[in-house]
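Reader: Hi! Could you walk me through this one?
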Amino acid sequence: MGGRIALTKDLESESTLPPFVAKMREGKIEKELPGIKRNALLRNHTTFQIGGRAQYFFVAKTKEDIMKGIKTAKKFKIPLFLLGEGSNILVSDKGFKGLVIHIQNTNYKIPRTRINSVRGKQNFL
């Protein structure tokens with residue numbers, strides 16, 4: 001099956017928190033993670049173009065963003081899912097009740113890797 005993952009935590013499942021506690025948590029989460037989105041469509045971030053909404057969705061562009069997102073999920077006791085490029089993943093149409101961190105950190109290098117460019121020359125990272 002090669003690493004296929006399915007998100008199964010339903011967005012529609014009942015919360016055990018009283019409504020006022022959930023409301024207080026939302027405001028604090030948004031202060032902890034500027035740029036966080038609520039009820040974001042996950043289908044826009046997968047190659048299969050299917051899936052419901054994430055309760056919280058955060059785009060991490062740096063290592064620090066990733067760590068901040070993970071710490072925030074732990075602090076508020078929210079289920080967490082790390083999303084890479086969005087391939088080989090099936091997301092339930094019911095969505096994901098928790099925080100999805102979409103990793104868009106493109107600033108990385110793989111040592112001694114050969115890349116063939118369009119012109120046919122070999123480049124090294």
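Author: Happy to! Leu90 is found in strand S5, which spans residues 89-91. Strands (E, at least two residues) and helices (H or I, at least four) are DSSP runs, numbered from the N terminus. This is a predicted model, where local features need pLDDT of at least 70, side-chain atom pairs count only at pLDDT 80 or more, and totals for chains, interfaces and linings use all residues. Residues are numbered from 1 along each chain as its sequence is written, and side-chain values use heavy atoms, leaving out hydrogens and water.

Reader: Is Leu90 buried, exposed or partly exposed, and why?
Author: Leu90 counts as partly exposed because its relative accessibility is 42%. Buried means under 20% relative accessible area, exposed over 50%, and partly exposed in between (1.4 Å probe, protein chains only).

Reader: Switching topic, where is Ile29?
Author: Ile29 sits in helix H1, residues 19-32. With 1% relative accessibility, Ile29 counts as buried.

Reader: And which residues does Ile29 touch, not counting those up to four places away in sequence?
Author: Those are Ile36, Tyr56, Phe76 and Ile78, where contact means heavy atoms within 4.5 Å.

Reader: How far apart are the C-alpha atoms of Ile29 and Phe76?
Author: They are separated by 7.8 Å, while the two residues are 47 residues apart along the chain.

Reader: What about the whole chain: how many helices and strands does it have?
Author: The protein chain has two helices and eight strands. From the N terminus on, they run β-α-β-β-α-β-β-β-β-β.

Reader: And how much of the chain is buried?
Author: Buried residues make up 28% of its 125 residues.
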